[in-house]
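Me: I'm new to this one. Can you walk me through a few spots once it's on screen?
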Amino acid sequence: MGITALQQTTEEASSLGYGGSVPVGLMVAEMPPVECLHLDHVVQTVCALESVVLRSFGPEGGQVLFTRDTGQAMLSRSGARILTALRLEHPLARMVVECVLKHSSVTGDGSKTFILLLASLLRMIHKMACKEPNVSHTYTSRQTAEASTARHLADKILAFALEELDNLIAMGVIPYGCCLSWEDFTAKKHLSGPSNNDCVQKLLKSFFHSRLGRSHCDFISKLTCELLTHWKFKRDQPSLSLEFVNDNLDALHTPVSGFPISCSRLIEGQVIHRDFATPCPQTEQKAVKAAVFSGYLQPKLLNAGQVLQLGCGEQWMEENSKNNRSIVQFSAWTERSLECVFANLQSLGVSVILSAVKQSAAVLSLAAQAEMCVVECVSEDELSLFAQLSGATPVSDCWMVEPEHVATLTFCRPILLGAHRYVHVAFNDSEERVTVKPCSLVICGLGEGQTDQYTCAFRDAIRMLLSTWEPMGMTATTASKRTLQSTKSTSSHVDQIPNVPPFQQCGLQPGYVIPAGGTFEFLLHHALLQNGTSCSASDDIVTSGLAVSQLLANALLIVPRQIYSHSPRHFLQAQARFQTIIQNHSHPFSLVYKQEHSSIFGESAFPLEEDKLTKHRFEADVSAKLFMSDSGLESVSCKYQLLLAVLQCLSSILHVDTVLHTHTALHTQSRRLANTSWEGTDDETED
Amino acid sequence: MSRLSKKSPSLCTDLPLDNADICKKLDLLRQLLRSCFGPTGRLKQVHNNIGGHVVTTSTSSVLLPAISSSQPFINLIKTSILNHVSRFSDCGLFAAILCLSLIEQAKQSGLRGNVAIRVNKHLLGLCTSYLLGEDCGCKVKLDFCSSQSLITLARSVISSKPACVLTEPETLHISRLAVQAFLLTVPCSSPGIVSLGKIVTVSVEGHGVLNSAVFPGVLLDMPDVFTVDQLENLPSDALRMVLFSASLAGDLSELGDGIIEVHPGVDTDSQILDQLLELGKQVVKDEVKLCVCQKVIHPVLQQYLRGHGIIVVERLGITLMEPLTQLTGAQPVATLHTTIPAKAYGRVRDLRIRTFGFKTMLHLHPPGECVICTMILCHRNETMLNELKGVCQKTEHVLRLTLREPSALLGGGCTETHLAAYLRHKSMNEIQETVSVLGCSQTECLLGVEGFCRSLEAVAAALEHDGGSSLMDLTHAHHWSHPADVLTEHMEDSLGSCGCGLVESSPNQKWTYLNSKYPQFSPAPLSEDASVQPHVLDSFTAKLNALQVAVETANLALDVRYLIQDVN
């Protein structure tokens, strides 16, 4: 086919609305546009993402201000949120973002580190691939050779990590950390002992520091701890109460804008986010009885599809129809039935009615006359939480109100939070929840954007705690499956999905934490290097085994390097210090030294306390308590899951070699739009 | 038809606070708001591009929503301030100017963002603990035994809104009315939880401001004057009244979604009307003298009721329902087929017709002590009236805030200069501890303190619009303004008294210009002289929150490192 003919076809096609976006010269008949993905492009794309994320990474990082498409200004330091706000076009970048979102929706944490590690690994692989492209001559170009080397490396790292990483962490990192067990956490609360509660609070503190900034992390982490203490189920599984809070957070929190964050607080009982529809009770704090209705109290005279025939005195009876002489008698009947319902409610002593729907004016009027107050349009979540906490079941048939439908409340009164008046209820203690004191969270912020940000951080903190206490093996496999599925569905062209060996249940116990500020990365770096040297002596795949360990070890250092980015001197100091600590003790894993190490790390490693860095001292006092300084903590299992997720993402993006731009009916609608999309992606890769 | 459209990538800006364009916009906003601040502030006219209504204002709650910017920075600050104003009704411009000055000062000082944020937060902590403390030198306890300090507080709020265009006696009149209305809403004898009443505001255009008045009870619009002669025959004690919340027009709303087939010869309308008249009969039998309906009443029923000497008011609207139930003790009736229970009836002590300009209103006197009152506001034209209405609502809110915290802050810029002097002194004395807590160097800390204090002083200086200069005395650290065109040999002759009016100038006093270097000193507390009362007072609660909001917003803005704008 000649070029002219080709052009003609294109024009015809575009006039018909097909393939209008294809630049004419490039078109191969009936083929969608093709974009070859070179390793350089991949590295550039991920580095571009890294440069955005870096602005809010680490102790010196700040917030990112973004506008929603509604024009509302939002602030965030959450990596996931920032990446979503970018609205990227490049398919590869979108695939990476998808992986990050999948990961952070599970663990609630680590999205910024994800991008950092991914970029670092890609750069390392790129360097290696350029240095020694695959020796085989079957490849047509240098670039294909590079890509294939990179792919091999990525697969090897993933395979290595899936097999060895848990052991390495168990040997090289865990001995320096400490274990937070849930039982301790809950037990200590009773005695109000300092140590373990402190650990949870420090874990939360470093999380909130990375999400909200330094100024508020203390306050918010204390508040979270308090909330968790109140919602602690005595006899249940450890993570159950975290899951409960996670599931019910929407009903449990009230955002209030216009106040500084320091006004946030816990309040007893539940806040129902509606106002009284009738004049509210003027009573003092006293016990009241409440009933929950899911439907209308006043019977509907006619349902849809029913026919009412009004005749002249004759009795007409039809299917699904009611009949009488005058219409007035029908409405009189509904009112009388309503009176019966209220009489029944009054005999049960009910004085508060919670309703899921809007009730009629007659209901409100009768309720006011019966001195009951009505709350309408309560959301389903809130009603189910109310039912759970009060132990009463919602009434479905208002003719059948029984004592088990009636809940006893300590009080029910209006509460003014910000601009809105809500209904505030508190519950009697029941036997099942001796230790649980139901409470709700009031989150104050300057604007809606801020309260949103704080709420998201809260939710993610709970997720982070949940994944800290989850057994590691299980989450790793589920996470890997999820990541792979996601990449499969989003990438336009994936060569193959790497075989994931069935994950073995590792010996790591849940709940391990380690001082924040690069400790995990330094320790794992060391462990990986040592593993590399031992491999080289015994293993049969000598060179690559060593290379893989080294590559991973070096790539990890990006995290502490960025944490200390404001002064490279501090990074070197920190690295040197870890080296001496590990080397000075010939048996680094022996328990004898455990406490000492921990205290040293705790004292000096956390970068938030810059002043402490300069005057750190190596306390040889073994009796020093674990983590006595105000350093933060990080969860080992979150870090482990993060690393695996990054490696899976890495291998899946390196398996892509071509992007096919296909056009669905959506794009063919407008030629211009589709055209810009092509140009947009082109630009981005050439950046 | 819904159409899917492609999302275009977002617009990104790295380190936005270093961006000249954004800085220019922030500066513009600061100048705009600064020029509106205080009793002599300049007015702004807001009008839209399609020839709508022109609004003349200087209040932040009207001005800020009118400012629309594509710049998310502006929107961030705007929403923060507006949220504060919607909660506290006062000190919006104070917060905005302070916030923008803090951002500017932090940029000028060249401090690292994180250091500036930490210092600001520390200083805010010092401020709040000083203001909440017992020995605060710029706080006055409000005396509820006399209305004087409440009137001063109300007057400060009202006079700070020049767009109301009030003369001095008018300002005083409105301030008195505001305090009177507020006092009427506070129940006298109610043990336990106190629930405040409500002020119903009625605005009358084209009448002099001095005709404004406050009445206990509720005033209802009376479109027809037929009832006037009926009123004369009424006994003036405890009239029975009924209040309907359902429509009495003969429609049946709660029937459902089904279909009604009406056979020829059946007159449903008359059946329903018969039922309504049954209701009317009961009302007449129970000797009701006033019948009020939230919605519409059928003309036949109206006629019937009037014929029996009952005063009928329809189309009341939902907003007046709650005040009316509180006033009369009536329970709204929405059932048309059942007999009205005796306890659903309410009582009114007296009914009067009052006229204001073109408005004729029915005045319902409460039967006993009542927390509902009506405020009639009159002004010459609509724009000024709207502004006055807004100001009165704000004043009511500010007065209510005093119930929770019965104190006020010195106005006229004196609180700001006093705080600045206190902070300079305090942070100098505790520099070592501060530095170790904040983890920064001594120079950085001092730079931060200087920036914060200058921002506070900038707010005080913003009160001056006529080219005069702002000064501060070196004993009490109060704010003084020196007119531009007065030249005297001795400064004390031209100064008179300080911004809040507590300190008189005397020959042995020393002054310094604001934003100039002066030796730090501890501001001396004022002598306990009951005869001197401050002339200008600011709401304590509102200002404290405004201070916190301003500093927190500035800190958020300083923390922003990257900007992503969704352009979809």
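Me: Which helix is A:Leu252 found in?
Reply: A:Leu252 is found in helix H10 of chain A, residues 238–252. Keep in mind that this is a predicted model.

Me: Buried or exposed, that A:Leu252?
Reply: Buried. Its relative accessibility is 2%, and buried means under 20%.

Me: OK, sheets. What is the strand order in the open sheet of chain A with 3 strands?
Reply: The order is S5-S15-S6, and the pairing is mixed.

Me: Which strands stand at the edges?
Reply: S5 (253–257) and S6 (265–268) of chain A. Each has a single partner strand, so one side of each is left without a neighbour in the sheet.

Me: How much are neighbouring strands turned against each other?
Reply: By 30 degrees on average, direction ignored.

Me: How many bridges join S5(A) to S15(A)?
Reply: There are 5 bridges, and the two strands run parallel. S15(A) covers residues 439–445. One pair to look at is A:Ser257 with its bridge partner A:Gly445 in S15(A).

Me: Which helices lie across these strands?
Reply: H9(A) lies across S6 and S15 of chain A, at about 20 degrees to S6(A). Helix H14 of chain A, residues 448–469, lies across S5 and S15 of that chain. This helix runs at about 135 degrees to S15(A).

Me: Chain B has a helix H14 too. Which of its residues are buried?
Reply: In H14(B), residues 431–438, the buried ones are B:Ile431, B:Thr434, B:Val435 and B:Leu438. Seen down the helix axis, they fall within an arc of 100 degrees, so they line one face.

Me: Why would that spacing put residues on one face?
Reply: An α-helix has 3.6 residues a turn, so residues three or four places apart point the same way.

Me: What's exposed on the other side of H14(B)?
Reply: B:Gln432 and B:Val437.

Me: And what do the buried residues of H14(B) pack against?
Reply: Helices from both chains. Chain A gives H9 (214–230). Chain B gives H5 (113–132), H13 (414–429) and H15 (442–461).

Me: What comes just after H14(B)?
Reply: B:Gly439, which takes a positive phi of about 70 degrees.

Me: What is B:Leu547 in contact with, leaving aside neighbours within four places in sequence?
Reply: B:Phe94, B:Leu98, B:Leu124, B:Cys127, B:Leu131 and B:Leu456. B:Phe94 is 453 residues apart from B:Leu547 in sequence, yet the C-alpha atoms are 8.1 Å apart in space.

Methods
Residues are numbered from 1 along each chain as its sequence is written. Chains are lettered from A and ligands numbered from 1 in the order in which they are written. This is a predicted model: local features need pLDDT of at least 70, side-chain atom pairs count only at pLDDT 80 or more; totals for chains, interfaces and linings use all residues. Side-chain values use heavy atoms; hydrogens and water are left out. Contact means heavy atoms within 4.5 Å. Buried means under 20% relative accessible area, exposed over 50%, partly exposed in between (1.4 Å probe, protein chains only). Helices (H or I, at least four residues) and strands (E, at least two) are DSSP runs, numbered from the N terminus. The arc is that of the directions from the helix axis to the C-beta atoms. Two strands pair if DSSP finds at least two bridges between them. Axes are lines fitted to C-alpha atoms, for helices over the stretch in contact, and angles run from 0 to 180 degrees between N-to-C directions.
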